[in-house]
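Here is a short briefing on a ligand and the space around it. Look at the model first, then read the points.

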Amino acid sequence: MKTTVDLEQTLLDICADMTACEDKGVVANYIPELAKVSPDRFGMSVCLADGQQFSAGDAATRFSVQSVSKVFTLAIALGRYGDGLWRRVGREPSTHDFNSVQELEVRRGIPPNPFVNAGAIVTTDMVLADSTPAETLGEILRFIRQAASDEDILIDPAVAASEKLSGHKNWALAHFLKSFQNLKHPCERTLGVYFHHCAIEMTCEQLARFGRFLAGFSKSPNLVSRENIRSINALMMTCGHYNGSGEFAYRVGIPAKSGVGGGILAILPGKASIAVWAPGLNKQGNSLLGTKALEALSRSLDWSVFDSGGQ
Ligand code: DON
């Protein structure tokens, strides 16, 4: 394995290579606020088991975590309900788009997994339970801040408002879920919380620190057991990149969750928590250069969980 000095240089090299790439993908534009972000941004940060953290590029710049926040709500829901979650959401990968309405109708209102939008909306509905939206968002923020050891993590209300106005597919999904009795609260209440937790802003440095408990080398906040962590990492590997999950596992080989803000949180159990941010997306809605950077890192350090390390 490479030394940490090498890791520092490796990140700088990857950052330079990504910055030089001509094809940076397309910044999400179905949420107008996200379309304002420059595709030229790139940041990366890695936390190791020994407590060291290394970063490169725009690792201290805040970005909209979007679907990476589905990891936060999944962790809280699993901590609270355990296997009860699986009565309302499946845990199988999907070949459909992350916001497919068609798939939800075919599956009679049971989303395939907690990372597609419909599954995350159901998970949010469960986390909301009998609390108010403000209390629930407070709980989600406390959970992230505790895991990341950082109080300075907030929601961007402009992004949440922008998605509330333009997120028509999510409204359709919520109404479908409701029609199949798989949404307890009014659509507006659950989606209000969902849009706001998607609009949480974090830096790569904060996100990598958040992921330490999933990598198994920091104390787990709340009720997230080792068993739950194993489940979350398995879901990240099989479903974290939607219909691009197979390709991501093939190329990178690390459990990871993407967001349309261009962020990816990748967890190498026992070894590293990695966050990368590059706003341009590929056609499945995952960060184009973020994936490329993680592939380069994984190859250079033999970090794929499928790599025997040559033994
Ligand atoms: O619900 C949505 O469409 C967004 N708030 C989040 C989707 C997302 O990040 C998909 N990820 N790559």
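The points below cover the ligand, its contacts and the cavities.

This is a predicted model, in which local features need pLDDT of at least 70, side-chain atom pairs count only at pLDDT 80 or more, and totals for chains, interfaces and linings use all residues. Residues are numbered from 1 along each chain as its sequence is written, and side-chain values use heavy atoms, with hydrogens and water left out.

**The ligand and its shell**
- The ligand is surrounded by 15 residues (each has a heavy atom within 4 Å of it).
- Tyr 30, Gln 66, Ser 67, Asn 170 and Tyr 194 are the closest of them.
- By type, the shell has six nonpolar, eight polar and one charged residue.
- Here Ala, Val, Leu, Ile, Met, Phe, Trp, Tyr, Cys and Pro count as nonpolar, Asp, Glu, Lys and Arg as charged, and the others, Gly among them, as polar.
- Domain 1 (4-66 + 202-222 + 233-310) and domain 2 (67-200) each give at least three residues to the shell; the bounds come from an automatic or database domain assignment.

**Polar contacts** (pairs of N or O atoms within 3.5 Å)
- Ser 67 places a polar side-chain atom 2.5 Å from an oxygen atom of the ligand.
- The side chain of Asn 117 has an N or O atom 3.0 Å from a ligand oxygen atom.
- Val 260 uses its backbone: a polar atom there is 2.8 Å from an oxygen atom of the ligand.
- On its own, the ligand has 340 Å² of accessible area, and the protein covers 100% of it (Shrake-Rupley method, 1.4 Å probe).

**The largest cavity**
- A cavity is a set of points, on a 1 Å grid over the protein atoms alone, where a 1.4 Å probe fits but cannot get out; lining residues have an atom within 4 Å of a point.
- There are two cavities of 30 Å³ or more, where a volume is the space filled by probe spheres set on the points.
- The largest has a volume of about 60 Å³.
- Its lining has 13 residues, and Tyr 30, Ser 67, Phe 98, Asn 117 and Val 260 are the closest to its centre.
- The ligand sits in this largest cavity (more than half of its atoms lie within 2 Å of the grid points).
- Both domain 1 and domain 2 give residues to the lining, so the largest cavity lies between them.

**The second largest cavity**
- The second largest cavity holds about 50 Å³ of space.
- Its lining includes Asp 97, Phe 98, Glu 103 and Leu 173.
- That lining divides into seven nonpolar, two polar and two charged residues.

Key. A polar contact is a pair of N or O atoms within 3.5 Å; within protein, one must be able to donate a hydrogen and the other to accept it, and residues adjacent in sequence count only if both atoms are side-chain atoms. On a 1 Å grid over the protein atoms alone, a cavity is a set of points where a 1.4 Å probe fits but cannot get out, and a pocket is an open set with protein on both sides within 12 Å along at least five of seven lines; lining residues have an atom within 4 Å of a point.
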